[in-house]
Amino acid sequence: CDYNVDDICSILSHASAYFVDVWKFCGSQMDAREVGNVLATLLYIAHCYVQDETCPLRIWHQHLFRKYCPLKTLNAAVIRLMQLRSYVLRLRSDELKARVGRLQSALAHNECGEHEVM
């Protein structure tokens, strides 16, 4: 897919903002596995919003969700998660800038070799 760092930071920033809204709505009802699947689904939604050319949901399903749910269920989950945000996927520019800044700061910190991920 060859995404650059700025694209990845933007996608992660959008998905993390979306997750805050989902957590407010139903976070206490989700176990750890469900949280992971919701986050992955939000990454799909964010990547569709941020990127001009996207990877189809069926490919995400094939590689990430095949053992979790049928494609039809995943599609319904995408729609439901977008409903929770009233179909508004754009972030305010100040929120996006702050989220991207934190991610880039963490990346720069890691590139200095101070805290490498094992």
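Modeller: Let's start with R99, which sits in helix α5 (residues 93–111). Helices (H or I, at least four residues) and strands (E, at least two) are DSSP runs, numbered from the N terminus. This is a predicted model, so local features need pLDDT of at least 70 and side-chain atom pairs count only at pLDDT 80 or more, while totals for chains, interfaces and linings use all residues. Residues are numbered from 1 along each chain as its sequence is written, and side-chain values use heavy atoms, with hydrogens and water left out.

Biologist: Why is R99 called buried?

Modeller: Buried means under 20% relative accessible area, exposed means over 50%, and partly exposed is what lies in between (1.4 Å probe, protein chains only). R99 has a relative accessible area of 16%, so the label is buried.

Biologist: What is R99 in contact with, leaving aside neighbours within four places in sequence?

Modeller: Contact means heavy atoms within 4.5 Å. By that rule R99 is in contact with S13, S16, A17, V20 and L91.

Biologist: What makes R99 and E95 a salt bridge?

Modeller: The rule asks for a side-chain nitrogen of Lys or Arg within 4 Å of a carboxyl oxygen of Asp or Glu. For R99 and E95 the closest N and O atoms are 3.3 Å apart, and that passes. The two are four residues apart in helix α5, so about one helical turn separates them. E95 itself is partly exposed, because its relative accessibility is 22%.

Biologist: And how do you know that E95 and R92 qualify?

Modeller: Their side chains meet at 3.9 Å, N to O, and that is still inside the limit. R92 comes out at 52% relative accessibility, so R92 counts as exposed. Put together, R92, D94, E95 and R99 are linked in a network of salt bridges.

Biologist: How many salt bridges does a search of the whole structure find?

Modeller: Four. Another of them joins the side chains of R85 and D21, at 2.4 Å from N to O. R85 is in the loop between α4 and α5 and D21 is in helix α1, so this pair ties together parts that are 64 residues apart in sequence.

Biologist: What makes one side of α3 the buried side?

Modeller: Helix α3 (residues 57–65) has L57, W60, H61 and F65 as its buried residues. They cover an arc of only 100 degrees around the axis, which puts them on the same side of α3. That arc is taken over the directions from the helix axis to the C-beta atoms. The face turned away from the buried side carries the exposed residues R58 and H63. What covers the buried residues includes α2 and α4.

Biologist: Why is H47 called buried?

Modeller: H47 has a relative accessible area of 3%, so it passes the buried cut-off. H47 lies in helix α2. Not counting residues up to four places away in sequence, H47 touches Y3, I11, T54, C55 and W60.

Biologist: Last one: what makes something a pocket?

Modeller: Rolling a probe the size of a water molecule over the atoms shows where empty space is left. On a 1 Å grid over the protein atoms alone, a cavity is a set of points where a 1.4 Å probe fits but cannot get out, whereas a pocket is an open set with protein on both sides within 12 Å along at least five of seven lines; lining residues have an atom within 4 Å of a point. Points are joined across faces, edges and corners, and the volume is the space filled by probe spheres set on them. The largest pocket holds about 240 Å³ of space.

Biologist: Which residues lie nearest the centre of the largest pocket?

Modeller: E34, V38, T41, A77 and L81, out of 16 lining residues. The elements giving two or more residues to that lining are α1 (5–26), α2 (32–50) and α4 (71–84), and α4 gives the most, with seven.
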